[in-house]
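Notebook open, model loaded. I'm jotting down what I looked up, spot by spot.

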Amino acid sequence: MILRFDFGTPLHTGACVLSLPVQKDPVPFLTVSALAEGAVTLSLPLGQGDMLFGLGEQVGPVNRRGRRYVSWNSDEFNHTEDRQSLYGSHNFLLVWREKEPFALYLDDPGRVRWDLGWTRRDQMTVTSENGDFSLYLIVPEDGEKVCLDLCAQFRRLIGRSYIPPRWALGYIQSRWGYASAEDAREVAHAHRERGIPLDGICMDIDYMDGFRDFTWDHKAIPDLKGLCGDLKEQGIHLIPIIDAGVKKDPKYDFYREGHEKGYFCRKEDGEEFAAAVWPGLSAFPDFFRREARAWFGKGYEALLDEGLDGFWNDMNEPALFYSPEGLREAFGALEGRREALETGDYGAAFEMLGAVGGVKNAMADYRRFYHETDLGKTRHDRVHNLYGGLMTLSAAEAFERAAPEKRILLFSRSSFIGAHRWGGVWMGDNFSWWSHLKLHLRMLPSLNMAGFLYCGADVGGFGADTDEELLIRWLQLGVFTPLFRNHSALHTRLQEIYRFPAWETMRDIVSVRYALLPWLYSELMQAILWDRMLFRPLCFDYPRDETAREIEDQMMLGRDAMIAPVTEPHATGRNVYLPEDMLCVRFRTWEDRDLIRLPAGWHYVRAKEAEFLLFVRRGSFIPLCRPADRSDYVSTDSMYLVGWLGGEDAALPFYEDDGTVRDPEKEKGLSTLKAGKGWAWDPKGRKLDTAGLC
Ligand code: MIG
């Protein structure tokens with residue numbers, strides 16, 4: 001059951017698809033108090049064992065209790081442990097406690113502070129700074145698996161998640177620095193030559209003509225359509241980046257049109273707001289306006305015409321390097337400080353550093369411009385967290401117009417709940433650090449709770465130089481995440497698989513992904529179509545298992561599997577907790593693997609550098625197929641099953657469709673795989689190899 005309460009004057013954010021009546025009764029569970037300047041606080045006493053899950057894209061543990069966070073979409077490349085905001089704001093929190101568990105969702109486009117037992121360990125407070133929001137309280141309908149039930153109810157409230165094309169589950173190679181047709185062809189060739197599977201290549205900002213959106217450098221890419229066609233023949237899709245800021249350049253048609261039609265955000269005095277990002281001074285489309293979204297969307301449509309069918313949206317928090325006003329103020333703060341050179345006045349020095357460092361993504365700038373929302377002229381900071389997601393909507397609306405039947409790949413950096421219906425997300429600028437490999441794993445379930453199922457982090461790490469062992473271990477996690485993309489920053493060590501002596505090991509890892517692809521696709525699609533999570537903390541599935549509550553470095557995957565990646569350097573194995581009997585599949589290649597039957601409990605499981613683990617519940621199985629170097633060549637005709645049946649019969653719901661139709665009929669794609677002692681059937685009723693069943 002879901003109850004809705006409104007505070008102040010909530011804006012229609014588009015996050016929810018169910019329109020529920022507004023309750024007049026007092027809010028249950030939470031104490032509501034009004035603070036100065038319109039802010040509203042909701043507080044709740046926390047019992048000792050209460051656990052808190054959710055908040056989507058944030059650093060830190062899966063159980064978020066004891067920490068504080070801020071919903072404020074931020075271009076934050078430094079994902080250290082103490083960060084309180086990243087690129088997305090996902091105001092869903094699940095309060096799991098013995099008596100009266102519930103979940104809450106704040107449909108609030110502004111800044112929200114979450115003190116989850118940080119100030120006082122026995123109290124949680126949530127503060128909406130604007131005080132204009134809808135609060136949804138979700139109470140369980142099913143007493144058994146409470147967390148799963150609360151998440152499923154929430155997902156029904158916010159609507160079906162984005163469905164990517166099937167090819168988007170293939171391996172994608174990306175790098176900040178790919179600039180030309182030659183670069184793309186070389187990456188394609190290097191993968192194909194070595195048999196490293198590949199389905200996509202991302203082009204970063206360098207492909208553009210002077211960083212102008214929807215243009216490309218014609219010297220570097222003389223024939224975009226030809227390039228796309230050639231690559232597609234090899235099963236490789238080109239995926240260009242699109243930035244939110246539009247270069248302020250009267251000679252650039254796209255800008256001129258947006259300017260003439262008045263589609264950019266304006267300042268209080270009506271003048272177009274400008275800030276510097278990659279193209280230099282840029283204007284920012286007012287994505288709150290339907291006409292502005294339609295105009296921006298024409299840019300995507302033009303690229304679809306060139307044969308492109310995948311995009312990633314960046315810099316859409318929006319990131320602002322500086323505004324001319326902000327820079328002027330910073331210079332002002334420097335004035336008269338020259339004597340610090342002689343006097344060694346460190347106070348002055350720190351003030352200067354602060355003034356200069358503070359120009360980037362400055363709150364003062366987010367207060368300088370306005371949107372036209374359904375509440376009229378609205379200052380940006382009050383609705384900041386919607387901006388990136390509305391850019392995603394602009395793209396999604398364009399796809400709907402131009403290619404209504406087809407799925408187009410789309411993932412964004414910035415997001416809010418609601419945008420999960422229009423695209424996926426990647427986790428932004430991580431580093432090539434072991435701790436960020438762990439972070440990748442931990443962020444998966446909370447993003448799933450918020451409806452983001454097509455997601456993943458930059459495999460290998462974006463910033464800093466990766467190393468061979470880290471990349472191998474990271475690929476072994478990436479194998480299981482829907483978005484499986486190797487991406488790295490300009491000036492860092494080259495990170496393509498083929499740059500490394502151990503490339504064959506890495507190729508074999510990626511090949512396992514392709515062997516698992518029909519199964520992963522089936523599990524992802526079922527999670528999307530039936531409002532489930534793909535990745536879940538163990539305790540969601542085993543609510544009565546006390547040990548399961550402490551496990552944050554293993555995740556349930558799909559209906560019957562569990563992953564437990566190695567995330568430590570030099571490790572040749574790891575401790576794994578099994579909440580029930582499971583079959584451990586230890587992969588070296590898709591064919592060369594061990595099947596180990598393990599009873600419930602703790603185990604130290606060996607996984608040498610080239611090995612990785614997948615667990616399957618006893619009494620079930622997973623299907624594998626013969627891999628190929630492109631996803632469309634992987635077919636279920638070559639399916640075989642791996643599992644521990646222990647003498648019982650087992651069945652697994654299996655979903656399959658053509659992978660391109662935008663609105664699949666969900667029941668039509670569903671069939672059942674069945675197996676028992678000495679026999680197994682595929683969805684078409686054909687007999688399957690049973691060698692992998694025990
Ligand atoms: O300010 O386009 O997160 O993936 O490579 C950096 C360059 C801008 C940030 C993205 C990253 C991308 C980079 N971008």
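I started at His380, which sits in helix 10 (residues 380-383); helices here are DSSP runs of H or I with at least four residues, strands are E runs of at least two, and both are numbered from the N terminus. This is a predicted model, so I kept in mind that local features need pLDDT of at least 70, side-chain atom pairs count only at pLDDT 80 or more, and totals for chains, interfaces and linings use all residues. Residues are numbered from 1 along each chain as its sequence is written, and side-chain values use heavy atoms, with hydrogens and water left out.

Is His380 buried or exposed? His380 counts as buried because its relative accessibility is 0% (buried is under 20% relative accessible area, exposed over 50%, partly exposed in between; 1.4 Å probe, protein chains only). Skipping neighbours within four places in sequence, I listed its contacts (heavy atoms within 4.5 Å): Pro318, Tyr366, Phe369, Tyr370, His371 and Tyr387.

Next I followed Pro318, found in the loop between strand 19 (310-314) and helix 6 (324-334). The peptide bond joining Glu317 and Pro318 is cis, with omega about -5 degrees. Met315 is in the loop between strand 19 and helix 6 too, and has a positive phi of about 60 degrees without being a glycine. I noted Met315 as buried, since its relative accessible area is 6%.

Then another positive phi: Glu37, not a glycine either, is near 55 degrees. Glu37 belongs to the loop between strand 2 (31-34) and strand 3 (40-45). Glu37 is exposed, because its relative accessible area is 81%.

Tyr346, Phe350 and Leu353 make a nonpolar patch of about 420 Å² (patch residues have over 30% relative accessible area and no salt bridge; like charges are joined within 9 Å, nonpolar side chains, i.e. Val, Leu, Ile, Met, Phe, Trp, Tyr, within 5 Å; areas are Shrake-Rupley with a 1.4 Å probe, and for residues only the protein chains shown count as cover). Leu353 is in helix 8 (residues 346-357), and is exposed at 58%.

Last, domains, with bounds from an automatic or database assignment. I looked at domain 1 (2-158) and domain 3 (520-693). 15 residues of domain 1 contact 15 of domain 3. About 1,300 Å² is buried between domain 1 and domain 3, 63% of it from carbon and sulfur atoms (accessible area, 1.4 Å probe, that two parts lose on being put together, summed over both). I found one salt bridge between domain 1 and domain 3 (side-chain nitrogen of Lys or Arg within 4 Å of a carboxyl oxygen of Asp or Glu).
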